[in-house]
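Hi,

Here is the structure I promised to pass on to you.

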Amino acid sequence: MTIDEAFRYFRSRLFEAKVGVPNERSTPEAFGSRYSEIELYDGGFRLVFDGRDSMLTLEISHGPPGARAGWLDLYSAHCANNEFTEIEGQNPGFEETVAYGIELLAPTN
């Protein structure tokens, strides 16, 4: 999956779950780094591409804005040539982790 496809997938899943539209920002001057973040209730969920380290990371945080202790990595993958590859046997994968993060942020039950 490419980095662009991952960001499109993240946005579309948030939209389908009726969570909202994420705030997105890219910094081409910083090695092409970018992020897509949604805040809901007392939590945040974001997809981050660190262009310098070539890492794609899904992170979640709980607590009110301004008082969050930090972000917890739910998923990370090393990227090469604008793509990342799932590691064989890695559980869960990117798509499953996006679904899990959305459920943590906005439970359906």
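**What turned up**

At 75% relative accessibility, Lys 18 is classed as exposed, because the cut-off for that class is over 50%. Please keep in mind that this is a predicted model.

Lys 18 sits in the loop that links α1 (3-16) to β1 (23-27). Most residues other than glycine have a negative phi. Asn 82 also has a positive phi, near 65 degrees, and is found in the loop between β5 (72-80) and β6 (83-84). With 42% relative accessibility, Asn 82 counts as partly exposed.

Now for the fold as a whole. The protein has 2 helices and 6 strands, arranged along the sequence as α-β-β-β-β-β-β-α. Of its 109 residues, 39% are buried. The exposed surface comes to about 6600 Å², with 50% of it supplied by carbon and sulfur atoms. Among contacts between residues at least 6 apart in sequence, 44% join residues at least 24 apart.

And what about Leu 47: buried or exposed? Leu 47 has 0% relative accessibility and therefore counts as buried. This residue belongs to strand β3 (residues 43-50). Leaving aside residues up to four places away in sequence, Leu 47 touches several others, including Phe 7, Phe 10, Tyr 35, Leu 56, Leu 58 and Phe 94. The C-alpha atoms of Leu 47 and Asp 73 are 9.9 Å apart, with the two residues 26 apart in sequence.

Happy to chat about any of this.

Best wishes

Conventions:
Residues numbered from 1 in each chain as written. Predicted model: local features only at pLDDT ≥ 70, side-chain atom pairs only at ≥ 80, totals over all residues. Heavy atoms only, no water. Helix = DSSP H or I, 4+ residues; strand = E, 2+ residues; numbered from the N terminus. Buried < 20%, exposed > 50% of the residue type's maximum accessible area, 1.4 Å probe, protein only. Contact = heavy atoms within 4.5 Å. Areas by Shrake-Rupley, 256 points an atom, 1.4 Å probe, with all protein chains shown as cover.
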